[in-house]
Structures are given as C-alpha cells and as structure tokens.
Amino acid sequence: MKNQFIFNLIVSLLISCTIIAMVTGWYSWYAVSDLWNVQQKGILRQGQTTLRQLESALATFEKEIDEIGIPATRDLSQILDTYEIASTMSASELAELAADKGLDHIFIINRDGVVTNTTLESERNNNLREVCPGFTKLTSELYGRGQCLSTTARFSSTGSGLYKYFYYSPIGSSYLIETAIDVRAYISKEHGEMRFRELFMLP
C-alpha cells in the first residue's frame with residue numbers, strides 16, 4: 001500500500017511538472033511571439049517613415065536640379081542645333097560645354113536610340129532601347145517636338161551613380177540631346193557631403 005501511494009505521488013508530480021512545463025513553454029512562446037510581432041511592426045513603421053522622409057527630401061532636391069537641368073538642356077540646342085554638329089564634337093568639347101551649363105554629362109542619341117556622341121566614352125554606341133527598359137516609351141514622342149523631359153533620379157545603366165536625366169529634341173530634328181546631373185555631387189556641393197550621407201544613411 002505504501003509503495004502504491006509513493007508511486008501515485010510520483011506520477012502525480014510528474015504529470016503536474018509536465019503540465020506546468022507545457023503551460024510555461026506556451027506562455028513563453030506566446031510572449032516571445034507577441035514581442036517579435038511588436039518589434040516587426042515597429043521596424044516596419046520606422047522603415048516606412050524613413051522612406052517617406054527620404055522621398056520628401058529627394059523630391060525637394062530634384063526640383064532644385066530641375067531648375068538647372070531643364071533650361072541648360074534647352075540652351076544646348078542653340079549650340080548643338082544640327083545633328084552633324086552634335087555628333088561630331090569631341091568628347092572634351094562636349095565636357096566643356098556640359099561644365100559651362102552646370103551639367104555632368106551630355107549624350108547625343110539618334111532616332112534608333114544609339115548614343116552616337118557623349119562625354120562618357122563607356123556609353124558611346126550603346127543602344128539605349130536595349131540597355132534601358134522603357135527608353136522607347138519614354139522618348140518616342142519627344143523627337144522633333146522641341147519639348148524637354150525631366151526624369152526622376154535613377155541609377156545610370158552602368159550603375160556608376162544616381163543621376164537626374166533630361167531629354168530634349170530640337171524642333172523638326174531626328175535626334176535627342178540627353179543630359180545628366182549627378183545627384184550626389186549636386187547635394188554635396190550645395191548642401192554638404194554630410195547631408196547626402198544623412199539622407200541615404202551612409203557611414
């Protein structure tokens with residue numbers, strides 16, 4: 001009888017311990033899961049807030065760059081007023097012209113989307129219809145219209161940096177003048193390198 005009592009007691013203790021362990025484990029898992037969910041939501045909210053701040057700040061800088069790039073690109077058509085002139089100027093001449101207008105690069109693009117002249121030799125003879133998705137749709141209605149198009153900041157096709165691009169085609173012409181302004185260089189020059197690093201959370 002005594003042995004049976006001890007056996008029952010041990011079994012009861014084991015069952016009790018097992019139940020307590022299960023309850024404790026479930027509670028711990030629930031607490032950790034709840035904490036993880038809260039942290040995830042917090043991180044998501046913080047990321048969304050940071051993204052909105054970045055978009056807002058970048059939009060402000062893009063407007064500033066537009067005030068330089070749009071008139072400068074239009075002005076180029078007075079010098080690069082024929083395809084023959086635009087396509088035969090040397091890269092150094094184009095670079096001087098770009099610097100004088102506050103631009104970083106100039107590209108001359110024929111009707112087929114091929115870069116026939118540029119300040120950036122690595123881009124020469126590139127077919128933008130092939131290397132830049134959406135180029136045809138973006139520019140097809142610009143040729144010969146005398147209108148200037150400004151794009152949102154985007155990375156170059158070679159991944160060399162973040163640029164604002166501008167496109168202009170002289171009235172009645174069959175070529176495009178594309179120009180580019182380096183966003184980082186602009187922000188660093190006008191607002192300080194630290195502002196750019198803060199904006200993109202760089203060390």
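Colleague: Which strand do five bridges join to β1?

Modeller: Let's start there, keeping in mind that this is a predicted model. The two strands run antiparallel.

Colleague: In β2, what is the bridge partner of F107?

Modeller: Strand β2 covers residues 115-118 and pairs with β1 in the antiparallel sense. Three bridges hold that pairing, and F107 belongs to one of the two faces of β1. Its bridge partner in β2 is T118.

Colleague: Which residue takes a positive phi in the hairpin of β1 and β2?

Modeller: Good one to look up in the structure! The hairpin has five residues between its strands. The phi in question is near 85°, and the residue that takes it is G113.

Colleague: Are the residues on both faces of β1 buried or exposed?

Modeller: Take the faces in turn. H105, F107 and I109 lie on one side, while I106 and I108 lie on the other. Here a residue counts as buried under 20% relative accessible area. By that cut-off, the five residues of β1 are all buried.

Colleague: How many bridges pair β5 with β6?

Modeller: β5 spans residues 162-168, and its pairing with β6 is antiparallel. The number of bridges between β5 and β6 is six.

Colleague: Which residue stands opposite R154 in β5?

Modeller: R154 is in strand β4, residues 154-155. That strand and β5 pair in the antiparallel sense over two bridges. Opposite R154 you will find Y163.

Colleague: And which residue of β5 stands opposite S150?

Modeller: This time look at β3, residues 148-150, which three bridges join to β5. These two strands also run antiparallel. In β5, L162, K164, F166 and Y168 point one way, with Y163, Y165 and Y167 pointing the other way. The residue opposite S150 is F166.

Colleague: Which element gives the most to the lining of the second largest pocket?

Modeller: This pocket holds about 170 Å³ of space. Two elements give two or more residues to its lining, namely β6 (176-182) and α6 (183-191). Among the lining residues are I181, D182, A185, Y186, K189 and E190. With four residues, the biggest contributor is α6.

Colleague: How many charged residues are in that lining of the second largest pocket?

Modeller: The lining includes D104, D182, K189 and E190, and Asp, Glu, Lys and Arg count as charged. Alongside five nonpolar residues and one polar residue, the number of charged residues is four.

Definitions and conventions: Residues numbered from 1 in each chain as written. Predicted model: local features only at pLDDT ≥ 70, side-chain atom pairs only at ≥ 80, totals over all residues. Heavy atoms only, no water. 1 Å grid on protein atoms, 1.4 Å probe; cavity = no way out; pocket = protein on both sides within 12 Å on 5 of 7 lines; lining within 4 Å. Points joined across faces, edges and corners; volume = space filled by probe spheres on them. Buried < 20%, exposed > 50% of the residue type's maximum accessible area, 1.4 Å probe, protein only. Pairing = 2+ DSSP bridges.
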